Amino acid sequence: MPHRHGLGEPAEGDAPELARGLGVVYQLESTVTGKRITVRTATLNREHPELPSVCDIWKAADFNEREVYDFYGITFIGHPDMRRLYLRNDWVGYPMRKNDDPEGQNPLRMDNEETVDTTTELELNPDGTVKNKELKLFGDDEYVVNIGPSILPPTV
């Protein structure tokens, strides 16, 4: 896997001499001094990988952590909106993992996926356990309007 630089990049194959877990690499740079540091964090639990979220420190990590969750399956504890970002909600597996079988697990679906109006925030309790907290994305009096691109006929 090629090494990519950025906030929360997956670190599955970055250090072959270390135990084979799942993790992320944070490339940090001071805007004052210009100094750079690299912070690596990982978990050896490949079945249910969990790492602490850094969204409360860097808001920009929000989408990066969701992308890593979507493609690698790493759950970020404390993330305010831990749901898939790119793939369908009913997608099985994590396509960037080496052991993933997308064709076997995800046959071509011709139906629309179910609309999900909730998300789950994972909170770390003082005793080290994790609690799921369900959050509603839209209230009963709110509407979502898709004003996506429209294709206009060419003018003559």
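**Entry 1: the E2 and E3 pair**

How many bridges join E2 to strand E3? I counted eight, and the two strands, E3 being residues 36-43, run antiparallel. My rule for pairing is that DSSP finds at least two bridges between two strands. Helices (H or I, at least four residues) and strands (E, at least two) are DSSP runs, numbered from the N terminus.

Before going on, I noted that this is a predicted model, in which local features need pLDDT of at least 70 and side-chain atom pairs count only at pLDDT 80 or more, while totals for chains, interfaces and linings use all residues. Residues are numbered from 1 along each chain as its sequence is written, and side-chain values use heavy atoms, with hydrogens and water left out.

**Entry 2: the overall layout**

I listed two helices and seven strands. Read from the N terminus, the order is β-β-β-β-α-β-α-β-β. The protein has 156 residues, and 29% of them count as buried; buried means under 20% relative accessible area, exposed over 50%, and partly exposed in between (1.4 Å probe, protein chains only).

I also looked up the surface: the protein exposes about 11,300 Å², with carbon and sulfur atoms supplying 54% of that. These areas come from the Shrake-Rupley method with a 1.4 Å probe, and for residues only the protein chains shown count as cover. For contacts (heavy atoms within 4.5 Å), I took those with a separation of 6 or more, and residues 24 or more positions apart account for 39% of them.

**Entry 3: helix H1**

Is H1 mostly buried or exposed? Nine of its twelve residues are buried, so the helix is largely enclosed by the rest of the structure. The buried ones are Ala61, Asp62, Glu65, Arg66, Val68, Tyr69, Asp70, Phe71 and Tyr72.

The expected span is 1.5 Å times one less than the number of residues, which gives 16 Å for H1, and the end C-alpha atoms are 16 Å apart, in agreement. Just after H1, I noted that Gly73 has a positive phi of about 85°.

**Entry 4: the nonpolar core**

A nonpolar core here is a set of buried Ala, Val, Leu, Ile, Met, Phe, Trp, Tyr and Cys residues joined through side-chain atoms within 4.5 Å. The largest one has 14 residues, and those touching the most other members are Val24, Tyr26, Leu51, Val68, Tyr72, Ile74 and Phe76. Strand E2 (22-29) and H1 each supply at least two residues of this core, and H1 gives the most, with five. In soluble globular proteins, nonpolar side chains tend to be buried together.

I then looked at Tyr26, which sits in strand E2 and is buried at a relative accessible area of 6%. From Tyr26 to Ala61 is 35 residues in sequence and 10.0 Å in space, C-alpha to C-alpha.

**Entry 5: aromatic pairs**

I found two aromatic pairs. My cut-offs: rings of Phe, Tyr and Trp (its six-membered ring) pair if their centres lie within 6.5 Å, and planes under 30 degrees apart count as stacked, over 60 as edge-to-face and the rest as tilted. Phe71 and Tyr86 have ring centres 5.6 Å apart and planes at 5°, so this pair is stacked. The two are 15 residues apart, with Phe71 in H1 (residues 61-72) and Tyr86 in the loop between strand E5 (75-77) and helix H2 (102-105). Tyr86 is exposed, at 52% relative accessible area.

Thr75 lies in strand E5 and counts as buried at 16% relative accessibility. Which residues does Thr75 contact, leaving aside neighbours within four places in sequence? I listed Pro49, Glu50, Leu51, Tyr69, Met82 and Leu122.

Last, I turned to E6 (residues 118-124) and E7 (residues 130-136), which run antiparallel and are joined by seven bridges. Thr119 has Leu135 of E7 as its bridge partner, and Glu123 stands opposite Lys131 in E7. This hairpin has five residues between its strands, and Gly128 takes a positive phi near 95°.
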